[in-house]
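Please consult the sequence and the structure shown here while reading it.

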Amino acid sequence: AKFSDYRVMFDKMEKDIDAVVVSTPDHTHFNPSMIAMSLGKHLYCEKPMAHNVWQVRKMTELAAKNNLATQLGVQRHTIGNVHRVVELIRAGVIGKVTEVHSWVGGSRGMPSIPKDKQKVPAHLNWDAWLGPAPERDYNKAYCPYNWRFWWDFGTGETGNWGCHTLDIPFWALELDYPTRVEASGPKVHPQTTPKSMITSFKYPAKGDRGNVTLHWHHTSSGPQILKNRNLSLNGANNVFVGTEGILICGFGNRKLYPEEKFTSLNEPERWIPDSPGFHREWITACKGGKAATCNFDYTGPLTETVLLGNVAYRAGGGFEWDSQNLKATGNNTAQQYIREAVRKGWEIS
């Protein structure tokens with residue numbers, strides 16, 4: 001059966017549904033996910049979990065309350081090289097990690113504002129596609145793909161890649177909620193996401209780990225630390241700076257600096273098992289098996305961090321973050337982006 005409105009689908013098919021996959025644009029992750037989980041359905045959701053921080057927190061809490069099998073689409077979590085990076089960091093090979101630089105290349109963002117009114121394609125339910133977003137006329141500048149670079153619908157290149165790339169330091173350093181967020185970039189546009197930006201997050205000491213600063217870069221040339229430290233690795237997207245060395249890695253490769261120091265390194269014992277398959281993890285969890293590796297308990301805080309970077313950028317600067325109460329202080333502009341208003345008829349509390 002096919003439906004253009006998931007609300008109708010749930011009304012008609014609820015008893016036939018065991019689990020739900022949400023792979024719509026970012027702005028319509030929250031509503032179908034909350035409906036599904038409120039009905040007791042297991043949930044697989046594409047990244048980022050939702051369009052704003054408040055929505056992510058509500059999804060995380062409901063999944064835990066209803067004891068549901070969840071998985072966020074951070075598929076690279078299963079790559080063996082990522083596992084080895086986590087093991088190296090946890091084993092202290094580069095000492096205590098004090099900062100991480102993570103990035104995505106390219107300069108996608110800030111699309112042109114459409115000036116013409118276009119006819120809605122016959123196959124598209126435009127009202128349902130808009131969902132909770134403010135009303136506007138259809139234009140191919142938004143749908144089917146470029147929605148990603150409009151604040152009403154997407155979360156920019158940060159939301160697109162942040163959950164994938166930051167998964168590595170989040171896992172390796174057991175990060176959760178930052179206490180301070182900073183951001184800089186080109187002049188903020190009220191409608192479109194930027195072509196570049198830099199954000200940073202401060203995490204207090206936890207367990208055996210000391211304070212950590214995590215930097216996220218959306219840049220066409222890579223972060224400055226690569227040039228400053230003379231680091232290179234094709235496909236790299238993370239640099240871990242430790243008290244005893246540096247680890248640079250991508251999803252599929254890794255390298256330790258200074259090279260001469262680690263030439264004869266015996267890598268630590270492998271303790272992260274191979275995944276049976278990212279989607280298989282979730283299906284197994286739905287059937288009563290162990291939780292999937294990217295369940296919402298883990299990926300909720302990850303997604304909140306990603307979205308907080310966008311908040312700081314749009315708010316024009318940093319703020320202190322009270323994660324328990326979802327409160328930004330020290331920047332009067334920031335709080336409006338933690339939970340956005342929605343179109344009448346699409347409210348979920």
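The model is predicted, so local features require pLDDT of at least 70 and side-chain atom pairs count only at pLDDT 80 or more, whereas totals for chains, interfaces and linings use all residues. Residues are numbered from 1 along each chain as its sequence is written, and side-chain values use heavy atoms, with hydrogens and water left out.

- Seven of the nine residues of helix α2 (residues 30-38) are buried, where buried means under 20% relative accessible area, exposed over 50% and partly exposed in between, with a 1.4 Å probe and protein chains only.
- Helices (H or I, at least four residues) and strands (E, at least two) are DSSP runs, numbered from the N terminus.
- The buried residues of α2 are Phe30, Asn31, Pro32, Ser33, Met34, Ala36 and Met37.
- Their cover includes the helices α1 (6-13), α3 (53-65) and α9 (296-314), together with the strands β1 (19-22), β2 (42-45) and β3 (70-72).

**Packing of α6 against α9**

- Helix α6 (residues 156-173) packs with α9 at an angle of about 125°, and their axes are 9 Å apart; axes are lines fitted to C-alpha atoms, for helices over the stretch in contact, and angles run from 0 to 180 degrees between N-to-C directions.
- The two helices α6 and α9 are therefore oblique to each other, since angles under 35 degrees count as roughly parallel, over 145 as roughly antiparallel, 65 to 115 as roughly perpendicular and the rest as oblique.
- Among the residues of α6 that meet α9 are Gly162, Cys163, Leu166 and Phe170, and those of α9 include Tyr298, Leu302 and Val306; contact means heavy atoms within 4.5 Å.

**Loop residue Ser196**

- Ser196 lies in the loop between β5 (180-184) and β6 (197-203), and is partly exposed, with a relative accessible area of 30%.
- Leaving aside neighbours within four places in sequence, Ser196 is in contact with Gly185, Pro186 and His218.
- The C-alpha atoms of Ser196 and Tyr145 are separated by 19 Å, and these residues are 51 apart along the chain.

**Cysteines**

- The count of disulfides is zero, a disulfide being a pair of cysteine sulfur atoms within 2.5 Å.
- Cys143 is buried at 9% relative accessibility, and its closest cysteine sulfur, in Cys45, is 18 Å from its own, too far for a bond.
- Cys163 is buried at 0% relative accessibility, and the sulfur of Cys163 is 9.4 Å from the closest cysteine sulfur, in Cys294, which is too far for a bond.
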